[in-house]
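Biologist: I have a new model open and would like to understand the words used to describe it. Could you take me through them, one term at a time?

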Amino acid sequence: MKLIRFNKEWQKWLLVVGLWLLSALFVTGTPAAGAQTIDRSATIPAIQNTLSKAVSDQNQAVPNQPDATADSGQHSSNVNLTNSTVEFDPAIITDPTTQNNFYPSQTINLMALIEAQGTGKDYVNGNVKIFLSKDIFEPISASDVSSSDFLRSPATISETDTDYVINLPVGTVPSGAHIGIPFLATLKPGKVHDDKTYQIPSKYYDSDNTLLFETDKFAVHALTNPPTASGPGVRTSLDESHWDNANKLKSAQKISVNGNGYYNNINSYTYNSQTEPGDYTFTVQLPTGDTVPDGGSGAWTYHPETHQLTQNVTIDTSSGQSSNAALGSFDLTIPAGYAAGDVLDLPMTVTGPNGKVSVTSNQVEVDKYQTPPTPTTYFSIDGSKRILFGTGTWNSDVNKISTDTPVISTIAPLSSMTVGKYGDDNNVDSAALASVTDTPQFDYPITQVAFNDTTSLSADIKQKLDQNKVEGVYNDNGTDKTVNLGTVLFGSPLKPKQADQRQYSSIKITFTSPVQMSQADAGRFSLNITGHLTQATIDAFKASQSSSQDYYNYMSASFSPAGSSVYTGTTSSSDYIRLTKDIPSVGLGNSGLTLSGQNGTQMLGGKPLLANLQVSAYNNGNDKILPQNGKLVYLVPDGVSLDSTDTADIKNLKNLTVQENYAGSGKTAIIGEITNATDFGTSNGWINYQIPLTADASVYSGSYNVESFFVFTNNNGKVGNKTDLSVDGDAAGTPDKYGLYASTNNSKGIISDKASFTYLPDRKLVNANKVKVLNPETNQWSEPVSDTGNNAFTNDKIEYVDSLKNDGLSPYQYLDVIGVLPHPNDVKINGGRGSNISIHLTGPINLDNDGYTVSYSTATPSTDLIKNYDAKFETTESDWSKVTMIRIKSKAGTVGIGDLINFTYPARYQTLTKMIPTPKKHRESIPSLCEPAIMM
């Protein structure tokens, strides 16, 4: 509603702003014991921030009268929408002259600009239509359009045969006002061409659907890229029969130019959604003397007269997908006399809709292939070893084994053999096994040595292997001693007597005579040594700080000449078993905190922003220690809160609460209890917690941060601990400045992350109204907040910080603001405000901009708010507590685009009569103080 003042000095009509800057005191929460009691039934709705009715020119023509009704039809004779158009969102695109270049599939931040010129009336109940060509733009949805207080209902999307249409049902745009409503549009691959502009027309209708104004002056400038191409080529060879003594071809030879010999994608072209669509011609110039035989051109067309190959292709990018398309091979006849190794260039050119395309050309190269001499094969043998628990696995949880769990070492002293040259003998084909030694590197008392019986070994070999002696070497007070443990036979394992079942540094089987084996016998003979871990070894690992421990075992086998075998040498191998134990742990997930809005991390006005924190859980499949009192805490900017209407996007959280001015930080905390503690009982997993966020009208456009913390009590886990979870040392993506972990078992066990988003609401002159409190114990002012939360106390000094920010698209040159201080039974333009106490100034208002004057009135405010402009205002007062109204007027200053003006009201929250006194050292919390509402 516009308020008109006649200034006798200027003899001009001035459009002014009626803002009730300290209009109401919100009361929320429950009073603490001993605190004053306030009737909460008189509280008013949440803050109403709307466009300040400022003007761009104080010499404008006479505007419409204050009693103009919102439903009156506005026609072209009295509404001036000149300069209304579509433009780029200046919060994202700061310099349209250099940044107006967009590729297909790229989303563009745009804005519907509605300017109701001061030479005309308010634009009331109109309809704005923005047209996006279906050929040029992807389909758009209502979620791509910001909400706005200036729309009487949310934007909708309709279609014509040729366009997608954004419909903006305008409520009231006051004359002299400039508002912008952000929306997103994405260029569509397929018909967008390089260096072309594409218009986005807009039309503006009145309430009777009469066209008032239209424009197509705004256009998006598009860019595309050419495809990338790599020409044909080949590197091949022909055997010696094709070459003369001078290494030249004896006769013409046909080769396939198929890309062989190259490691990159040659003979192809690559394109994606940003590639210029259309027809392209690929031309290859052949080397002099080379020809294409009949039927050998493949997908190419051979032109003998120009000695060229050509291929025409059409690139269609409408799918939006990337593609690497082959051009295909062709045959080429290389003439006689070609010298081996000569490189012949195959230059390729590509022309398309935008002229020549940069390409990579390749070559033809034919080499002389010489058959290499047959390499000498040398005699060699290998052995192998495998060690496992009796369960058949190489690793085991330490809590699942004991000294009764077998540990079996399987040895194959001759697992493979290559027949060949050894010394002067060119065909050694056997080796004679003299001994096998097993060398464990851990306490490993043995209980049995056994040959693995098999029918694949001859009886003669078995008989010779049965002739052996098994010895163990152990340490006795620093002295190595050897004990004869007996003989092991096929079908008759050696089981040492109890006294000999000790830890041996080695177990050696020595055969009476070396046993000769052929290549066919390789892998047929193996033996098992069975033992177990000692209790001391098991207990030592349990007590360690490690989550795993490996235990190695080595073997070696000696071979000596015997029979026809002349080989002397050894084989060796090793293996290990592993003990594990859980250190149940949690950390920050790979993705940490992610913010998802309408265009990546952009958040349009009235649209949700999803905040998702990912945490990891691992090494907890056995112990299944669960987080106790687990909760997620999201710290968001003042004015941002939980979108309670969007419950479908809440993941794994319940009992969500919102706490303004959390810990006096000036930020809002959104706290939720986790619902899925059992998910942490896993060997390895990712767990996600998500909430939807929304912002109120006090939040300016710009970049903001969100912090997220996973807090639980039992966060001090150590090895062997059965109660707490261990927290990764690098899990704190952002520090805890709020004391969230003070009551946990480990204040340093922080799991957190931080991410940023860009907020893009409708643009206007924004009124933000906040309050800050002086803590008398620290003499520090709190951050200005919309709500003091639990951080305001009886008799605290308070200051209201009101601000005007031109978050719009054009400067304002004149403002005249009246603020009516809250008092019982006060009013706003459309009814009572519901204030239930009075706020009194304790000093003058402070402004951070010298372009404005401040004056004060002690007159009783009129319920006819326009009449307050007739009250007497003075530049100072002798008794600040008697001030009832404040007036702020601009001088010659301009509220430029992005300018912020702050004015601070020192005040006191007056003590009520029914109050229980409390000692100063026990300051009692009062109901939270909210920001005063700006009522239009």
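Biologist: Gladly looking at it now! Which residues have the most contacts inside the largest nonpolar core?

Modeller: They are I114, Y123, L168 and I886, in a core of 66 residues. A nonpolar core is a set of buried Ala, Val, Leu, Ile, Met, Phe, Trp, Tyr and Cys residues joined through side-chain atoms within 4.5 Å. Apart from this core lies another, of 50 residues, with V615, I625, L632 and V699 among them. Before we go on, please note that this is a predicted model, where local features need pLDDT of at least 70 and side-chain atom pairs count only at pLDDT 80 or more, while totals for chains, interfaces and linings use all residues. Residues are numbered from 1 along each chain as its sequence is written, and side-chain values use heavy atoms, with hydrogens and water left out.

Biologist: Thanks. What does I114 touch?

Modeller: Its contacts (heavy atoms within 4.5 Å) include L81, Y123, V128, V170 and Y204, with residues up to four places away in sequence not counted.

Biologist: What makes D550 and R578 a salt bridge?

Modeller: A salt bridge needs a side-chain nitrogen of Lys or Arg within 4 Å of a carboxyl oxygen of Asp or Glu. The closest N and O atoms of D550 and R578 are 2.5 Å apart, so the pair meets the definition. The structure holds 20 salt bridges.

Biologist: Which parts does the pair of D550 and R578 tie together?

Modeller: D550 lies in strand 41 (residues 548-559) and R578 in strand 42 (residues 569-580), so the pair links parts that are 28 residues apart in sequence. Strands (E, at least two residues) and helices (H or I, at least four) are DSSP runs, numbered from the N terminus.

Biologist: Why is D550 called partly exposed?

Modeller: Buried means under 20% relative accessible area, exposed over 50%, and partly exposed in between (1.4 Å probe, protein chains only). D550 has 24% relative accessibility, so it counts as partly exposed. R578, at 23%, is partly exposed too.

Biologist: Are K764 and D762, which also meet in a salt bridge, buried or exposed?

Modeller: Both K764 and D762 are buried, and their N to O distance is 2.9 Å. E874 and K872 also form a salt bridge, at 3.2 Å. There, K872 counts as exposed because its relative accessibility is 62%, while E874, at 33%, is partly exposed.
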